[in-house]
Structure formats: C-alpha cells, structure tokens
Amino acid sequence: LTFLLYGKVFEIIGLPEANNLIWLSIFIYALTLVIFTGVVLFLFDFKTALIFSLIYILLPFNWQLPYYFGIYEFALFFLSLFFLFYFYGVKQRPSYVYLIISGIFLALAGLSREALLLIVPFLLVYLWFKQQKRYLFCIFIPFIIILSIFWLPNLKHNAYLQVFITQTTED
C-alpha cells in the first residue's frame, strides 16, 4: 500500500529530484508526530504530551527513518490515525462511527506494513478481556472486510509464504 500511495502522490505533485524525496518523507513523519502528540494530549496533559514529543523526536530510530524511503511513513501515519479515532471513539460513548473509522485505519496500517499486523491479536485479546464486545465488532468488522478485499487475494503471491510452499528437491 505504501508504494501505491507514493505513486498517487507522485502523480499529483510530479516526481521530485532524488535529493527532495527526503522532504516528503519528513513531512509525513512530522504529521505523524503531530497526531501522536495530539493523542497523548487528549489522553493526558500538556506536560506529558511535551515529554512524549521530545522523546519521540530524540529516538535514534526516528532519525534514520526519513533516509530509507517507503519504509514506515504511511504505516505509522495510519497507526497514529487509528489511535486518534480509537481513543476519541472510546471517549464518545454513544458514537461508534469513530471506532469503525479506527478499524479502517488499523487495516490500512497493516496493509502499509505487515509488521503492524502484530498489534491486532493484542488489541483483540485486550478488548475481549475488557468485555468490550461492541468496540471489538466496530473495529474488527471493517478491519476484516478491508483485509479480505485487498490482502487475502494476494496471499498466494506473498514472498513470505513462498519460502514454505515452494517445492524443492533434495539432490
């Protein structure tokens, strides 16, 4: 999904020079930082959000990310939007629209980078044990629909599975 989104961005703005590609990546990461900081501010207070943003900026992992184009930009962006809509939907008790939107963004984060699909079982177990069945259904029904439309048809062409299902002969 990341490369499809970059393809659409390049159709709109044109293909920048190689030296300017880093600015697009930095912009997406900065937008992600703003959303994550807004989520922390929404949940806690200004001091905690300030400390979070400083720690997030100073993490060495985040320093190297813009130099590797197309790795985690959109995955972290969609994950930040998932947390934004999830926590806002939990605070707004009668409205489940935000939880449905958060399920869509969780699926988009997983489609952008398959490593983020590891969040799904933990979220599923957490919501199951907290007895929040409506939240569970509101998040995971759109998640399952999006994954079944976009990810499952390409599962047989997955490079990870080719390691296990390729027929090899031992000579």
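Colleague: What is the relative accessible area of Ile57?

Modeller: The relative accessible area of Ile57 is 42%, so Ile57 counts as partly exposed; buried means under 20%, exposed over 50%, and partly exposed in between, for a 1.4 Å probe and protein chains only. Please note that this is a predicted model, in which local features need pLDDT of at least 70, side-chain atom pairs count only at pLDDT 80 or more, and totals for chains, interfaces and linings use all residues. Residues are numbered from 1 along each chain as its sequence is written, and side-chain values use heavy atoms, without hydrogens or water.

Ile57 belongs to helix α3, which covers residues 46-58; helices (H or I, at least four residues) and strands (E, at least two) are DSSP runs numbered from the N terminus. Beyond the residues up to four places away in sequence, Ile57 touches Leu33 and Trp63, contact meaning heavy atoms within 4.5 Å. Leu33 is 24 residues from Ile57 in sequence, with 8.2 Å between the two C-alpha atoms.

Not counting residues up to four places away in sequence, Thr32 is in touch with Tyr56, Glu73, Leu76, Phe77 and Ser80.

The setting for these residues is a protein chain with 9 helices and 0 strands. Of the 171 residues in the chain, 35% are buried. Where contacts join residues at least 6 apart in sequence, 65% of them link residues at least 24 apart.

Setting aside neighbours within four places in sequence, Ile139 has contacts with Phe82, Tyr86, Leu99, Ser102, Gly103, Leu106, Leu123 and Leu127.

Two helix pairs can be followed from here. Helix α7 (residues 119-129) packs on helix α8 (residues 133-150) at about 155°, and their axes are 8 Å apart. This angle makes α7 roughly antiparallel to α8, since angles under 35 degrees count as roughly parallel, over 145 as roughly antiparallel, 65 to 115 as roughly perpendicular and the rest as oblique. From α7, Val120, Leu123, Leu124, Leu127 and Trp128 meet Lys133, Tyr135, Leu136, Ile139, Phe140 and Phe143 of α8. By class, this contact has 10 nonpolar residues, no polar residue and 1 charged residue.

Helix α6 also packs on α8: the two axes come within 7 Å and cross at roughly 40°. The two helices, α6 and α8, are therefore oblique to each other. On the α6 side, the contact includes Leu99, Ser102, Gly103 and Leu106, while the α8 side includes Tyr135, Ile139 and Phe143. The residues of this contact comprise 14 nonpolar, 2 polar and no charged ones, where Ala, Val, Leu, Ile, Met, Phe, Trp, Tyr, Cys and Pro count as nonpolar, Asp, Glu, Lys and Arg as charged, and the others, Gly among them, as polar.

Note on methods: Axes are lines fitted to C-alpha atoms, for helices over the stretch in contact, and angles run from 0 to 180 degrees between N-to-C directions.
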